[in-house]
Amino acid sequence: MARSALTMTAATFATTAALLLTACGGEDSSPDDIKGAETGKSSSSPSTSASGAADVKRPDVSLPEDLKLVFDFEKPSDTEQATALEDAANYIRALDHGIAQQDPNDPAYQFYSTGGAEKYAKSQIEAWVKDGWTVTGDDRYFDASIDPVGEGKSVLVSFCRNQAKFYSKKVKTGKVNYTEENLDSYQKFSLLMSPSEASAAVWQARQIEVQGRVKECKG
């Protein structure tokens, strides 16, 4: 089993993002406390925001020893863009953490997402759990770009993915479903990111687009 991708056209994604920003006056609203923060756990993985805020309790996004996520990103000089990029990576970590924990209600992805991005993460985790699969191997993300969206602080974070060495594994038996590298191994992610209303030190994914079989990511 390969991770299923939510696909939509770039035009549809742009329209959705524009409607979201317009309806929310430039930023999406959130409750006083960030969902997922109630765990009070600090992750041993590199999930600390680039802002370095020490007062934010971030959820655990640690992963099993047989799963390695590589984010080959160049850190932006702009602090807010750096935080947006790092928390986009944390959203991916949180999604895989939920799959590894076999928990569709895992607090980690709820902390780093809202709206469509939160629904996407939950649906992905639910699909893996329902079919009895978890994840293993190496998953690589690279060629990140950050572009402003609208008049607020929201940005569109995009990056490529190479999942050629990222495999599914049966939870009950531990059997790994190895697959050969092909064009399906290459995807492009686009995340609409903006600061949480509860803490400017945390950026949340609002919407997500995942494109499959992306030749430009294969190089």
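## Charges over rings

The charged end of Arg140 sits over the ring of Phe142, 4.3 Å from its centre. Lys170 does likewise with Trp133, its charged end lying 4.6 Å from the ring centre. To count here, NZ of Lys or CZ of Arg has to be within 6 Å of the ring centre and within 35 degrees of the ring normal.

Keep in mind that this is a predicted model, where local features need pLDDT of at least 70, side-chain atom pairs count only at pLDDT 80 or more, and totals for chains, interfaces and linings use all residues. Residues are numbered from 1 along each chain as its sequence is written, and side-chain values use heavy atoms, with hydrogens and water left out.

## Aromatic pairs

You'll find nine aromatic pairs in the structure. Rings of Phe, Tyr and Trp (its six-membered ring) pair if their centres lie within 6.5 Å; planes under 30 degrees apart are stacked, over 60 edge-to-face, the rest tilted. Phe71 and Tyr141 are stacked, because their centres are 5.1 Å apart and their planes at 15 degrees.

Phe71 is in strand S1 (residues 67-72) and Tyr141 in strand S2 (residues 133-148), so this pair ties together parts 70 residues apart in sequence. Strands here are DSSP E runs of at least two residues, numbered from the N terminus. Tyr141 is buried at 0% relative accessibility, and Phe71 is buried at 18%; buried means under 20% relative accessible area (1.4 Å probe, protein chains only). Ring pairs also link Phe71, Phe73, Tyr141, Phe159 and Phe189 into a cluster.

Note on methods: Helices (H or I, at least four residues) and strands (E, at least two) are DSSP runs, numbered from the N terminus. Buried means under 20% relative accessible area, exposed over 50%, partly exposed in between (1.4 Å probe, protein chains only).
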